[in-house]
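Here is a short briefing on one protein chain.

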Amino acid sequence: MGVLIPEVLRVERQFARLFVGQSLSILGDRVSFVALPFAVLSIGGSAADVGLVTAAGLLPLLVFTLAGGVWADRLPRQRIMLASDLVRCAVQAAAAVLLFTGEARVGVLASLMALFGVADAFFLPASTGLLPLLVPADRLREANALRGFVQSSSLVVGPALAGLLIAAVGPGGALAVDAASFAASAVVLARLGAVGGPAVGGAAVGVVDGAVGGAERGERIGFLAELRVGWRQVRSRTWVWSGMLAMAVYHVVVLPSVFVLGPVLAKREWGGADAWAVVVVAFGLGSIVGDVCAYRLKPARPMAVAAVAMAVASCQALIIGSGAPVWAIAVLEAVTGVGVSLCFVLWETSLQVHIPERVLSRVSSYDHLISVALMPLGLVLAGPLSDRLGVRPTLFGMTALAVPATLALLALPAVRRLPASPPVGADAAPEQSEPAPGAAVGA
């Protein structure tokens, strides 16, 4: 039986506990991913309303993500994650009750999703920063691939479960399942125990106003100074800031095709939620293949591979709007799923390996701010643009913008040449192939 369990789960027991809790939470989120657009549509909402409610859950990232990164480098990261899970549990439970009782309104759902987004803004940087405290550097790629495997597998199980719940008790039942999953994750986090790094308290070490060095753990510098430390870590590494820009294009330009326009086309032309669930499941199957590849392969130049994988992933809008039969769209979406999983695992692992742990959550917060938090702009514009230009021309334009932007990464030597691990003695220093803007960031 032991040989069937990945070694990182057998050896790293704290990670194994976290893995179980997060797996349940991810499954609930995938159920909600399918249910939320149909919840809005079920109360008479339009395509623009779907975009509004979805964007409401992401807009708080613009305001609170950087604060979440600072606090995740100051406080025990698992405690921040626990508080976030409890808030998200309460939000999804409230939304479920409103849908069950017929009292749900678009504005109320948007407000609840905004509160959900505030909790997300604190959870995401803490989650990225916690993993290197539980898993040694040489196992981070495996750990990230396993987390990605769960995310991908839940894309297969989650929509099927969501379809059953929507058919049986409506979208409210699906959101209730998500609430229960957050409760289960909170229980695991509460029992996780102490870990190193910020769990023992302390502030950032790094560059403040151009000086290398700074506070030792236990000292506290100002909030803005801590943000500057994280920002210098970003801008001193070409592969980091360029990768974040490419991620921003993907999230702003491509993903609205999945969150907004895909469900709209599914309802109008494909037969509704069942057909959309088929496409989402196919994407999940492809993502599983991508995670297996990420677990087993050890690319010497991970960011170069990630850039090519992201270019494949950026074809999703074109595929969804192609007018092909649903089965053909599902097959092609499976191919893009491989690209998405492979890219995200390699990107996340590269950050965790090359960025000093004590500032990792702040760098991660900039990642979420620049890439994910800008997605509401695309979500809000996708509906009105499709109303003006048509759904398919909008989808084709998304791909025409996103694919070249991603391939442009390969023109940068810092991206093409980034190694899988930093040189011996580099201590996660910025790339040596070019001078860093301003002062170099010490480790």
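The chain has 19 helices and 0 strands. Both are DSSP runs numbered from the N terminus: helices are H or I with at least four residues, strands are E with at least two. This is a predicted model: local features need pLDDT of at least 70, side-chain atom pairs count only at pLDDT 80 or more, and totals for chains, interfaces and linings use all residues. Residues are numbered from 1 along each chain as its sequence is written, and side-chain values use heavy atoms, leaving out hydrogens and water.

**Whole chain**
- Of the 443 residues, 58% are buried (under 20% relative accessible area, 1.4 Å probe, protein chains only).
- Among contacts (heavy atoms within 4.5 Å) with a separation of 6 or more, 84% join residues 24 or more positions apart.
- The chain exposes about 16900 Å², and carbon and sulfur atoms supply 68% of it (Shrake-Rupley method, 1.4 Å probe).

**Serine 185**
- Serine 185 sits in helix 8, residues 171-190.
- Its relative accessible area is 1%, so serine 185 counts as buried.
- Leaving aside residues up to four places away in sequence, serine 185 touches Gly21, Gln22, Ser25 and Asp85.
- The side chains of serine 185 and aspartate 85 make a polar contact at 2.6 Å (N or O atoms within 3.5 Å, one able to donate a hydrogen and the other to accept it).

**Helix 10**
- Helix 10 spans residues 238-254, 17 residues in total.
- From first C-alpha to last, helix 10 reaches 23 Å, close to the expected 24 Å (1.5 Å times one less than its number of residues).
- Helix 10 is largely enclosed by the rest of the structure, because 14 of its 17 residues are buried.

Note on methods: Buried < 20%, exposed > 50% of the residue type's maximum accessible area, 1.4 Å probe, protein only.
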